[in-house]
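Let's take some labels used for this model and ask what stands behind each one.

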Amino acid sequence: MSASEILRELDSLKDAKAKIEHKISALEAQLKEINLRNDAAPPNGSSPSYPTNGLTQDMIHRYSRHLMLPSFGVQGQANLLKSSILVVGAGGLGAPALLYFAASGVGRLGIVDHDVVELNNMHRQVIHTEAYVGKPKVKSAAAACRSINSTIEVVEYEEALRTSNALEILSKYDIIVDATDNAPTRYLISDCCVVLGKPLVSGAALGLEGQLTVYNYNGGPCYRCLFPLPPPRTACQSCAEGGVLGVVPGIIGCLQALEAIKIAAAVGEPLSGRMLLLDALSGRIRIVKIRGRSVHCEACGENATFTQQKFREFDYEKFTETPLRVPPLKLNLLPSESRISTKEYSEIILKKEPHVLVDVRPAHHFKIVSLPKSLNIPLSTLEARLPEISSALKKEEEKDSGLVSGSGAQLYVVCRRGNDSQRAVQCLHKMGFTSAKDIVGGLESWAYNVDPKFPTY
Amino acid sequence: MQLTLEFGGGLELLCDSKKIHDVNIELQNGEDKLTMKDLLSWVRTNLIKERPEMFMKGDTVRPGVLVLVNDCDWELSGQLDTSLEEKDVVVFISTLHGG
Ligand SMILES: [Zn+2]
């Protein structure tokens with residue numbers, strides 16, 4: 001058997017195992033319920049009915065710690081069991097939220113996600129396990145929810161939310177949880193919630209900061225009331241670009257679960273008209289008062305004409321100038337003679353051609369991993385550090401005395417994905433380094449096309 | 001006038017990666033009050049070190065930036081016309097989209 005055959009076989013066995021385990025736990029739960037019912041039946045056959053407000057013996061046992069809370073109690077739990085919550089995004093925010101929704105007994109739990117589990121998700125998306133790397137997040141998250149609580153209904157939507165499917169999906173749920181990671185989807189979900197009249201529990205996290213609020217609840221503002229115009233695309237960093245400390249979306253996701261559970265159970269005071277701001281690094285949480293519903297809001301304002309029809313036709317990608325499915329930006333700023341491929345660069349190394357390689361990533365990226373003998377000059381400091389490049393080139397030329405005079409040492413520029421390196425080469429050309437070339441596709445291309453052992457991040 | 005200015009959600013990157021700035025702003029001749037409009041132009045001149053377009057658009061903040069005066073949305077106090085007082089805390093925070 002070849003390695004790939006073994007891997008395939010392993011995959012299908014694991015799949016079968018997960019299915020069997022789920023079946024076992026569902027049957028066990030069923031059997032237990034039957035036994036309990038039989039045990040409870042008194043010997044003379046006439047079963048007395050105990051008033052329990054519609055909760056079964058199993059439910060009372062499972063949710064007992066909720067039931068004992070004076071401010072939550074039987075009514076809160078009964079409301080929760082009857083409720084339905086849709087979580088859009090099974091990532092860093094959705095992961096803990098889903099776990100708590102399943103555990104607390106939300107009657108019907110929907111999960112929307114189109115991505116697969118990746119190893120670099122796992123530090124924060126704690127619902128997924130290593131066995132699911134490469135598999136759909138929806139499948140992984142649904143399996144985890146079912147293994148926590150086999151008595152609730154879990155519905156899988158393995159697709160991206162779009163104007164064409166959002167109305168149909170969202171309309172089946174009482175409460176919507178926005179656990180997505182991009183601006184166009186956030187506008188899309190908010191508008192859809194306004195059109196359908198659903199409360200929206202919205203969370204976001206990046207780096208070491210998080211934000212949380214409830215939109216469109218009981219006359220409160222919607223996302224557009226707060227942000228009528230989308231931010232410029234360059235202001236929207238993703239976790240993949242900017243990084244994120246795993247526990248930060250975890251905290252915000254847990255708070256989203258709390259707010260949604262409060263609304264579903266009809267207890268307490270939802271975080272509507274207020275916003276929670278978390279600054280994890282300084283250990284500070286501030287809750288601020290935000291504006292109410294705006295009369296001028298295009299979605300929910302007094303004269304708003306935002307109908308289901310208009311929603312279906314609205315172009316969220318154009319509005320936010322951001323594609324819904326965020327592909328890595330691919331610039332093409334340079335003529336082909338000013339660019340070389342990673343394969344070509346690997347030959348330059350092999351032939352020991354005299355050259356200087358400048359890595360223009362930020363210093364904290366350079367520390368993660370770098371190509372041998374590269375010189376780290378972050379793009380933002382490039383203009384000020386040109387003399388360093390000149391002297392590195394000179395040194396390289398002196399080292400190779402057999403050089404044909406005038407040909408000099410070559411100058412190459414690399415970055416993570418090949419965008420900043422082009423910007424840098426443009427700048428270098430302007431500053432007189434006319435032969436500078438960028439390495440197409442950056443270190444990611446190096447790992448992909450030259451050395452699969454090169455660590456990517 | 002002594003004010004505490006805070007930048008968050010990535011806006012701190014525009015001012016030397018420093019989040020909290022305790023500042024002392026001298027009032028213009030004859031003026032006895034400072035509005036948010038005055039403060040924005042002061043911040044732009046004195047604190048924003050790079051990419052001012054990531055902070056402002058026209059004479060106000062760019063879309064996607066929340067402004068809070070003493071933990072309250074500036075929409076509720078008159079936006080650019082909000083009058084500031086001694087020791088006020090003004091927060092500029094960029095909305096996050098990650099998850
Ligand atoms: Zn609105």
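**Labels and their grounds**

Q: Which residues of helix α17 of chain A are called buried?
A: In this predicted model, helix α17 (residues 420-430) of chain A has A:S421, A:Q422, A:A424, A:V425, A:C427 and A:L428 as its buried residues. Buried means under 20% relative accessible area.

Q: What covers the buried residues of α17(A)?
A: The cover includes two kinds of element. Among them are the helix α16 (386-399) and the strands β9 (339-340), β12 (410-414) and β13 (437-439), from chain A.

Q: Which residues does UniProt list for "binding site"?
A: The unreviewed UniProt entry lists A:C222, A:C225, A:C297 and A:C300.

Q: Why can they be said to gather at one spot?
A: In sequence they span 79 residues. Yet no two of their C-alpha atoms are more than 8.5 Å apart, so they gather at one spot.

Q: Why is A:C222 called buried?
A: Its relative accessible area is 0%. The cut-off for buried is under 20%, so A:C222 counts as buried.

Q: Where is A:C222 found, and what does A:C222 touch?
A: A:C222 sits in the loop between β6 (209-215) and α9 (223-226) of chain A. Leaving out residues up to four places away in sequence, A:C222 touches A:S190, A:V194, A:Y215, A:N216, A:C297, A:A299 and A:C300.

Q: Why is A:C300 called buried with a relative accessible area of 12%?
A: Buried requires under 20%. A:C300 has 12%, so A:C300 is buried.

Q: Where does A:C300 lie, and what does A:C300 touch?
A: A:C300 lies in the loop between β8 (284-289) and α12 (308-313) of chain A. Not counting residues up to four places away in sequence, A:C300 touches A:V194, A:C222, A:C225 and A:R293.

Q: What makes the phi of A:N53 worth a remark?
A: A:N53 has a positive phi of about 55 degrees, although A:N53 is not a glycine. A:N53 is placed in the loop between α1 (3-40) and α2 (57-62) of chain A.

Q: Why is A:N53 called exposed?
A: Exposed means over 50% relative accessible area. A:N53 has 62%, so A:N53 is exposed.

Q: Why does B:N70 count as partly exposed?
A: B:N70 has 40% relative accessibility, so B:N70 counts as partly exposed. B:N70 also has a positive phi, about 50 degrees, although B:N70 is not a glycine. The place of B:N70 is in the loop between β6 (65-69) and β7 (83-84) of chain B.

Q: What secondary structure does chain B have, and in which order do the elements run?
A: Chain B has one helix and eight strands. From the N terminus on, the order is β-β-β-α-β-β-β-β-β.

Q: How do you know that chain B is as compact as a globular protein of that length?
A: The radius of gyration of chain B is 13 Å. The globule rule gives 13 Å for 99 residues, so chain B is as compact as a globular protein of that length.

Q: How much of chain B is buried?
A: Of the 99 residues in chain B, 52% are buried.

Key. Residues numbered from 1 in each chain as written. Chains lettered and ligands numbered in written order. Predicted model: local features only at pLDDT ≥ 70, side-chain atom pairs only at ≥ 80, totals over all residues. Heavy atoms only, no water. Helix = DSSP H or I, 4+ residues; strand = E, 2+ residues; numbered from the N terminus. Rg over C-alpha atoms; globule rule 2.2 N^0.38 Å. Buried < 20%, exposed > 50% of the residue type's maximum accessible area, 1.4 Å probe, protein only. UniProt positions renumbered as here; feature names shortened; annotations may be inferred. Contact = heavy atoms within 4.5 Å.
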